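Have the sequence and the model open as you read.

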Amino acid sequence: MGNQNLIERTCKQTPFYDLCIWSLKSNPESRDASVKKLAQIMVDSLKTKATETLDLIDELLQDGLALDPEMQKALTSCAERYNVIIRGDVPEINEALKTGDYKFAAKGANDAAIEANSCEIEFPTKSPLTDMNKVVHDVSVVAASIVKIIQTKFSF
């Protein structure tokens, strides 16, 4: 029961409480986790969601949807942005969490949120990625919020 309270208290300090609760409680590792481990679980969720989005982008690029040059350009740009999240931001956040550089970890999570938003505005018409971009953005913001809790707790 104590860790359920920790999860709830932690998630109340994020802008997306329901997403935070669902993401953390659905992961069995959260049962006995510290706040730092909860942050790590959100970063893992970010990587999973970003990878799922990149997989969809790759499918769309191979599909007829990418025949439209504007759509192909937007999808290609989004693929680059999601590669930055997966290959750049996530490893940087993980390393910063390990070394206790919480300010840098929060910056990396916020950068991932910006990449997801930037992908969304690439499209000249309705984006086929709106829902996934929102999830990646929101998971990134939750991760950054949890890291900031740790940062505040350990800053003197």
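Predicted model: local features only at pLDDT ≥ 70, side-chain atom pairs only at ≥ 80, totals over all residues.

Let's start with the pair α3 and α4. Their axes lie 9 Å apart, and the helices pack at an angle of about 160 degrees. That angle is over 145 degrees, so α3 and α4 count as roughly antiparallel to each other. The crossing of α3 past α4 is left-handed.

| Helix | Residues |
|---|---|
| α3 | 35-62 |
| α4 | 69-99 |
| α5 | 102-120 |

Next, the core. The largest nonpolar core holds 48 residues, and L24 and Y82 have the most contacts inside it. Helices α1, α2, α3, α4, α5 and α6 each give two or more residues to this core. The largest share comes from α4, with twelve residues. As a general point, nonpolar side chains in soluble globular proteins tend to be buried together.

Now for α5. With 19 residues at 1.5 Å a residue, α5 should span 27 Å, and its end C-alpha atoms are 28 Å apart, which agrees. Its buried residues include Y102, A105, A109, A112, A116 and C119. E115 is also one of the buried residues of α5.

Finally, back to α3, where T48 is found. T48 counts as partly exposed because its relative accessibility is 41%. Its C-alpha atom is separated by 9.2 Å from that of V136, although T48 and V136 are 88 residues apart along the chain.

Definitions and conventions: Residues numbered from 1 in each chain as written. Heavy atoms only, no water. Helix = DSSP H or I, 4+ residues; strand = E, 2+ residues; numbered from the N terminus. Expected span 1.5 Å × (residues − 1). Buried < 20%, exposed > 50% of the residue type's maximum accessible area, 1.4 Å probe, protein only. Axes fitted to C-alpha atoms, helices over the stretch in contact; angles between N-to-C directions. Parallel < 35°, antiparallel > 145°, perpendicular 65-115°, else oblique. Left-handed = near helix turned anticlockwise from the far one by under 90°. Core = buried A, V, L, I, M, F, W, Y, C linked by side-chain atoms within 4.5 Å.
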